[in-house]
Amino acid sequence: MSAPTIVVHVDLADTLECRAEVAAKLAREWNCRITAVCATGLVHLGPSLSPGQATDTYRAAVAAMQHFGDLMVRHGIVAVCRHLSNTNAATALARAAQGASLVIMSHRADGATPTGHLDLCEFVVLNTSCPILIVGARAQFGSNVIVAYDGSNAAFHALTQARPFLEPAQRVTLATFGPSRTASPAALDNAIDYLKSVGIAPTVCCNNGVDDVGRRLAALARNRHADMVVMGGSAHPRWRNVLRGGTTGFMLEHTDIALLMSH
(Lines give C-alpha, C1' and ligand atoms only; values in the text may rest on other atoms or scores of the structure.)
Protein backbone atom coordinates (compact mmCIF):
# COMPACT_ATOMS: atom_id res chain seq x y z
CA MET A 1 0.00 0.00 0.00
CA SER A 2 1.38 3.39 -1.00
CA ALA A 3 0.73 5.92 1.75
CA PRO A 4 1.98 9.36 0.69
CA THR A 5 0.04 11.18 3.42
CA ILE A 6 -1.37 10.42 6.84
CA VAL A 7 -3.82 13.02 8.17
CA VAL A 8 -3.96 13.43 11.95
CA HIS A 9 -6.76 15.18 13.85
CA VAL A 10 -5.13 17.54 16.35
CA ASP A 11 -6.78 18.90 19.49
CA LEU A 12 -5.88 19.27 23.16
CA ALA A 13 -7.35 15.94 24.29
CA ASP A 14 -5.11 13.61 26.31
CA THR A 15 -5.27 11.07 23.48
CA LEU A 16 -3.24 13.38 21.21
CA GLU A 17 -0.04 11.75 22.45
CA CYS A 18 -1.31 8.36 21.32
CA ARG A 19 -2.29 9.73 17.90
CA ALA A 20 1.16 11.27 17.55
CA GLU A 21 2.94 8.03 18.46
CA VAL A 22 0.82 5.99 16.04
CA ALA A 23 1.29 8.53 13.24
CA ALA A 24 5.06 8.60 13.72
CA LYS A 25 5.28 4.81 13.73
CA LEU A 26 3.23 4.44 10.55
CA ALA A 27 5.07 7.31 8.83
CA ARG A 28 8.36 5.50 9.35
CA GLU A 29 6.99 2.10 8.31
CA TRP A 30 5.14 3.41 5.25
CA ASN A 31 7.63 6.16 4.33
CA CYS A 32 4.97 8.85 4.12
CA ARG A 33 4.23 12.43 5.11
CA ILE A 34 2.12 13.62 8.03
CA THR A 35 -0.47 16.38 7.75
CA ALA A 36 -1.75 17.75 11.06
CA VAL A 37 -5.24 19.25 10.99
CA CYS A 38 -6.55 21.45 13.79
CA ALA A 39 -9.86 23.31 13.54
CA THR A 40 -10.97 26.34 15.55
CA GLY A 41 -14.59 26.36 14.38
CA LEU A 42 -14.53 30.17 14.41
CA VAL A 43 -16.35 30.40 11.09
CA HIS A 44 -19.35 28.78 12.76
CA LEU A 45 -18.86 29.95 16.35
CA GLY A 46 -17.64 33.47 15.67
CA PRO A 47 -20.98 35.30 15.96
CA SER A 48 -21.66 33.70 19.34
CA LEU A 49 -18.23 34.43 20.82
CA SER A 50 -16.85 37.60 22.29
CA PRO A 51 -13.57 38.91 20.85
CA GLY A 52 -11.77 37.56 23.91
CA GLN A 53 -13.34 34.12 23.55
CA ALA A 54 -12.48 34.01 19.85
CA THR A 55 -8.88 34.90 20.65
CA ASP A 56 -8.69 32.22 23.34
CA THR A 57 -10.14 29.64 20.95
CA TYR A 58 -7.56 30.48 18.29
CA ARG A 59 -4.70 30.43 20.78
CA ALA A 60 -5.81 27.02 22.06
CA ALA A 61 -5.69 25.65 18.50
CA VAL A 62 -2.22 27.12 17.97
CA ALA A 63 -1.08 25.57 21.27
CA ALA A 64 -2.49 22.17 20.24
CA MET A 65 -0.65 22.33 16.93
CA GLN A 66 2.59 23.32 18.65
CA HIS A 67 2.19 20.47 21.14
CA PHE A 68 1.66 18.02 18.30
CA GLY A 69 4.77 19.32 16.56
CA ASP A 70 6.78 18.82 19.76
CA LEU A 71 5.44 15.27 20.07
CA MET A 72 6.46 14.52 16.50
CA VAL A 73 10.01 15.76 17.14
CA ARG A 74 10.11 13.54 20.23
CA HIS A 75 9.27 10.59 17.97
CA GLY A 76 11.88 11.55 15.40
CA ILE A 77 9.58 13.22 12.84
CA VAL A 78 10.67 16.78 12.01
CA ALA A 79 8.77 17.59 8.82
CA VAL A 80 5.03 17.94 9.44
CA CYS A 81 2.56 19.80 7.24
CA ARG A 82 0.36 21.88 9.56
CA HIS A 83 -3.15 22.93 8.56
CA LEU A 84 -4.91 25.27 10.97
CA SER A 85 -8.50 25.81 9.82
CA ASN A 86 -11.18 28.19 11.07
CA THR A 87 -13.95 25.86 9.91
CA ASN A 88 -15.16 22.89 11.97
CA ALA A 89 -13.14 19.71 12.47
CA ALA A 90 -15.38 17.56 10.26
CA THR A 91 -15.03 19.81 7.22
CA ALA A 92 -11.32 20.41 7.76
CA LEU A 93 -10.54 16.70 8.09
CA ALA A 94 -12.65 15.70 5.09
CA ARG A 95 -10.91 18.30 2.92
CA ALA A 96 -7.42 17.37 4.09
CA ALA A 97 -8.14 13.67 3.58
CA GLN A 98 -8.72 13.99 -0.15
CA GLY A 99 -5.94 11.95 -1.69
CA ALA A 100 -4.63 10.79 1.68
CA SER A 101 -4.09 7.16 2.62
CA LEU A 102 -5.23 7.30 6.24
CA VAL A 103 -6.89 9.61 8.76
CA ILE A 104 -6.06 9.16 12.44
CA MET A 105 -8.62 10.22 15.04
CA SER A 106 -9.44 9.25 18.64
CA HIS A 107 -12.33 7.63 20.44
CA ARG A 108 -12.88 10.89 22.30
CA ALA A 109 -12.50 14.44 20.98
CA ASP A 110 -11.60 17.34 23.27
CA GLY A 111 -14.72 19.13 24.48
CA ALA A 112 -17.11 17.09 22.34
CA THR A 113 -20.17 15.29 23.65
CA PRO A 114 -20.40 11.57 22.77
CA THR A 115 -23.10 12.44 20.22
CA GLY A 116 -21.04 15.27 18.76
CA HIS A 117 -17.98 13.07 18.45
CA LEU A 118 -20.01 10.34 16.76
CA ASP A 119 -21.26 12.96 14.30
CA LEU A 120 -17.64 13.93 13.62
CA CYS A 121 -16.58 10.33 13.01
CA GLU A 122 -19.62 9.73 10.83
CA PHE A 123 -18.96 12.75 8.63
CA VAL A 124 -15.29 11.93 8.12
CA VAL A 125 -15.96 8.25 7.35
CA LEU A 126 -18.71 9.04 4.84
CA ASN A 127 -16.87 11.90 3.13
CA THR A 128 -13.44 10.40 2.58
CA SER A 129 -12.25 7.58 0.38
CA CYS A 130 -9.41 6.51 2.66
CA PRO A 131 -9.76 4.44 5.83
CA ILE A 132 -10.14 6.11 9.24
CA LEU A 133 -8.10 4.80 12.15
CA ILE A 134 -9.72 5.62 15.49
CA VAL A 135 -7.34 4.99 18.36
CA GLY A 136 -7.81 4.84 22.10
CA ALA A 137 -5.26 5.49 24.82
CA ARG A 138 -2.85 2.75 23.69
CA ALA A 139 -0.48 3.25 20.79
CA GLN A 140 0.50 -0.42 20.59
CA PHE A 141 -2.08 -2.45 18.65
CA GLY A 142 -2.49 -4.57 15.55
CA SER A 143 -1.11 -7.91 16.69
CA ASN A 144 -4.57 -9.46 17.19
CA VAL A 145 -7.16 -8.12 14.74
CA ILE A 146 -10.85 -8.87 14.28
CA VAL A 147 -12.47 -8.11 10.91
CA ALA A 148 -16.24 -7.63 11.25
CA TYR A 149 -17.47 -8.99 7.92
CA ASP A 150 -20.96 -9.17 6.42
CA GLY A 151 -20.02 -10.22 2.89
CA SER A 152 -20.96 -6.90 1.28
CA ASN A 153 -18.83 -5.05 -1.26
CA ALA A 154 -18.21 -2.36 1.35
CA ALA A 155 -16.97 -4.93 3.86
CA PHE A 156 -14.66 -6.49 1.27
CA HIS A 157 -13.34 -3.03 0.40
CA ALA A 158 -12.62 -2.39 4.08
CA LEU A 159 -10.85 -5.74 4.23
CA THR A 160 -8.54 -4.85 1.34
CA GLN A 161 -7.84 -1.38 2.76
CA ALA A 162 -6.86 -2.99 6.05
CA ARG A 163 -4.17 -5.13 4.42
CA PRO A 164 -1.20 -3.04 5.75
CA PHE A 165 -2.48 -3.68 9.27
CA LEU A 166 -3.44 -7.32 8.72
CA GLU A 167 -0.21 -8.56 7.13
CA PRO A 168 1.99 -8.00 10.21
CA ALA A 169 -0.71 -9.20 12.66
CA GLN A 170 -0.03 -12.38 14.59
CA ARG A 171 -3.71 -13.32 14.56
CA VAL A 172 -6.59 -12.30 12.26
CA THR A 173 -10.19 -13.31 12.99
CA LEU A 174 -12.86 -12.97 10.32
CA ALA A 175 -16.11 -12.55 12.27
CA THR A 176 -19.68 -12.61 10.96
CA PHE A 177 -22.81 -11.80 12.95
CA GLY A 178 -26.29 -13.10 12.25
CA PRO A 179 -27.92 -14.23 8.99
CA SER A 180 -27.40 -11.88 6.08
CA ARG A 181 -28.30 -11.95 2.42
CA THR A 182 -24.76 -10.86 1.61
CA ALA A 183 -22.83 -13.03 4.10
CA SER A 184 -23.19 -16.15 1.96
CA PRO A 185 -20.67 -19.00 2.07
CA ALA A 186 -19.36 -17.81 -1.30
CA ALA A 187 -18.84 -14.27 -0.02
CA LEU A 188 -17.06 -15.57 3.06
CA ASP A 189 -14.91 -17.82 0.89
CA ASN A 190 -13.95 -14.79 -1.23
CA ALA A 191 -12.71 -12.98 1.87
CA ILE A 192 -10.78 -16.04 3.08
CA ASP A 193 -9.25 -16.56 -0.38
CA TYR A 194 -8.18 -12.92 -0.52
CA LEU A 195 -6.52 -13.07 2.88
CA LYS A 196 -4.72 -16.31 2.02
CA SER A 197 -3.53 -14.78 -1.27
CA VAL A 198 -1.65 -12.11 0.67
CA GLY A 199 -0.21 -14.58 3.15
CA ILE A 200 -2.80 -14.29 5.94
CA ALA A 201 -4.47 -17.39 7.41
CA PRO A 202 -7.56 -16.12 9.24
CA THR A 203 -9.59 -17.78 11.97
CA VAL A 204 -13.30 -17.72 11.06
CA CYS A 205 -15.87 -17.00 13.75
CA CYS A 206 -19.58 -17.13 12.82
CA ASN A 207 -22.05 -15.67 15.31
CA ASN A 208 -25.72 -16.47 14.69
CA GLY A 209 -27.25 -13.85 16.99
CA VAL A 210 -28.61 -10.72 15.30
CA ASP A 211 -29.39 -8.61 18.40
CA ASP A 212 -26.91 -6.24 20.05
CA VAL A 213 -24.22 -6.83 17.47
CA GLY A 214 -22.14 -4.03 18.99
CA ARG A 215 -22.12 -5.77 22.36
CA ARG A 216 -21.39 -9.11 20.73
CA LEU A 217 -18.49 -7.67 18.76
CA ALA A 218 -17.09 -5.92 21.83
CA ALA A 219 -17.42 -9.14 23.83
CA LEU A 220 -15.70 -11.13 21.08
CA ALA A 221 -12.84 -8.62 21.00
CA ARG A 222 -12.54 -8.80 24.78
CA ASN A 223 -12.69 -12.61 24.96
CA ARG A 224 -10.11 -13.02 22.20
CA HIS A 225 -7.93 -10.22 23.60
CA ALA A 226 -8.11 -8.39 20.28
CA ASP A 227 -6.43 -4.99 20.06
CA MET A 228 -7.98 -3.83 16.77
CA VAL A 229 -11.27 -4.16 14.89
CA VAL A 230 -11.81 -3.54 11.15
CA MET A 231 -15.27 -2.41 10.05
CA GLY A 232 -16.78 -1.25 6.77
CA GLY A 233 -20.03 0.28 5.54
CA SER A 234 -21.63 2.05 2.62
CA ALA A 235 -22.62 5.69 2.19
CA HIS A 236 -26.27 4.84 2.70
CA PRO A 237 -28.89 5.92 5.27
CA ARG A 238 -28.78 2.43 6.76
CA TRP A 239 -25.06 2.81 7.43
CA ARG A 240 -25.75 6.18 9.05
CA ASN A 241 -28.10 4.41 11.46
CA VAL A 242 -25.43 1.81 12.18
CA LEU A 243 -22.97 4.58 12.99
CA ARG A 244 -25.38 6.47 15.20
CA GLY A 245 -27.04 3.74 17.20
CA GLY A 246 -25.63 0.41 16.17
CA THR A 247 -22.41 -1.53 16.11
CA THR A 248 -20.01 1.31 15.37
CA GLY A 249 -21.69 3.71 17.75
CA PHE A 250 -21.40 1.14 20.54
CA MET A 251 -17.75 0.43 19.76
CA LEU A 252 -16.93 4.14 19.75
CA GLU A 253 -18.75 4.97 22.95
CA HIS A 254 -18.17 1.86 25.05
CA THR A 255 -14.75 0.52 24.04
CA ASP A 256 -11.23 1.86 23.75
CA ILE A 257 -10.07 -0.58 21.08
CA ALA A 258 -8.48 0.69 17.88
CA LEU A 259 -11.02 0.78 15.02
CA LEU A 260 -10.22 0.88 11.31
CA MET A 261 -13.29 2.09 9.41
CA SER A 262 -13.99 2.74 5.75
CA HIS A 263 -16.87 2.81 3.32
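This is a predicted model: local features need pLDDT of at least 70, side-chain atom pairs count only at pLDDT 80 or more; totals for chains, interfaces and linings use all residues.
Is His 225 buried or exposed? With a relative accessibility of 66%, where exposed means over 50%, His 225 counts as exposed.

## The ten-stranded sheet

Ten strands make up an open sheet, and their order is β3-β2-β1-β4-β5-β10-β9-β6-β7-β8, with mixed pairing. At the edges are β3 (81-85) and β8, each of which pairs on one side only. On average, neighbouring strands of this sheet are turned by 20 degrees against each other, with direction ignored.

Let us follow one end of that order. Strand β6 (residues 144-148) is joined to β9 by three bridges, and the two run parallel; here Ile 146 faces Val 229 in β9. Helix α6 packs on the sheet, where it touches β6, β9 and β10 (258-262), and the direction of α6 makes about 140 degrees with that of β9.

## Strand β7 and its partners

Strand β7 (residues 171-177) is largely enclosed by the rest of the structure, because six of its seven residues are buried. Five bridges link β6 to β7 in a parallel arrangement, and Asn 144 has Arg 171 of β7 as its bridge partner. Strand β8 (residues 203-207) also pairs with β7 in the parallel sense, over five bridges. In that pairing, Ala 175 stands opposite Cys 205 in β8.

## Two helices side by side

How do α6 (residues 153-161) and α8 (residues 185-197) pack? Their axes are 11 Å apart and form an angle of about 10 degrees. As angles under 35 degrees count as roughly parallel, α6 and α8 are therefore roughly parallel to each other.

On the α6 side, the contact is made by Phe 156, Leu 159 and Thr 160, while α8 contributes Asn 190, Ala 191, Tyr 194 and Leu 195.

In soluble globular proteins, nonpolar side chains tend to be buried together. The largest nonpolar core here has 53 residues, and those with the most contacts inside it are Phe 68, Leu 133 and Leu 166. Helix α1 (residues 16-30) supplies the largest share of this core, nine residues. Another core lies apart from it, with 34 residues, including Ala 100, Val 124, Cys 130 and Phe 250.

Leu 133 is worth a look in the viewer. Setting aside neighbours within four places in sequence, the contacts of Leu 133 include Val 22, Leu 26, Leu 102, Phe 141, Phe 165, Met 228 and Leu 260.

## Met 231, a buried strand residue

Met 231 sits in strand β9 (residues 228-232). Its relative accessibility is 5%, and since buried means under 20%, Met 231 counts as buried. Not counting residues up to four places away in sequence, Met 231 touches Ala 148, Ala 158, Leu 217 and Met 251, among others. The C-alpha atoms of Met 231 and Phe 156 are 9.7 Å apart, although 75 residues separate the two along the chain.

## Two loop residues with positive phi

Asn 31 lies in the loop between α1 and β2 (33-39). Its phi is near 55 degrees, a positive value in a residue other than glycine, and at 70% relative accessibility Asn 31 counts as exposed.

His 225, where we began, is placed in the loop between α9 (213-223) and β9. His 225 is not a glycine, yet has a positive phi of about 55 degrees.

Notes. Residues are numbered from 1 along each chain as its sequence is written. Side-chain values use heavy atoms; hydrogens and water are left out. A nonpolar core is a set of buried Ala, Val, Leu, Ile, Met, Phe, Trp, Tyr and Cys residues joined through side-chain atoms within 4.5 Å. Buried means under 20% relative accessible area, exposed over 50%, partly exposed in between (1.4 Å probe, protein chains only). Helices (H or I, at least four residues) and strands (E, at least two) are DSSP runs, numbered from the N terminus. Contact means heavy atoms within 4.5 Å. Two strands pair if DSSP finds at least two bridges between them. Axes are lines fitted to C-alpha atoms, for helices over the stretch in contact, and angles run from 0 to 180 degrees between N-to-C directions. Angles under 35 degrees count as roughly parallel, over 145 as roughly antiparallel, 65 to 115 as roughly perpendicular and the rest as oblique.
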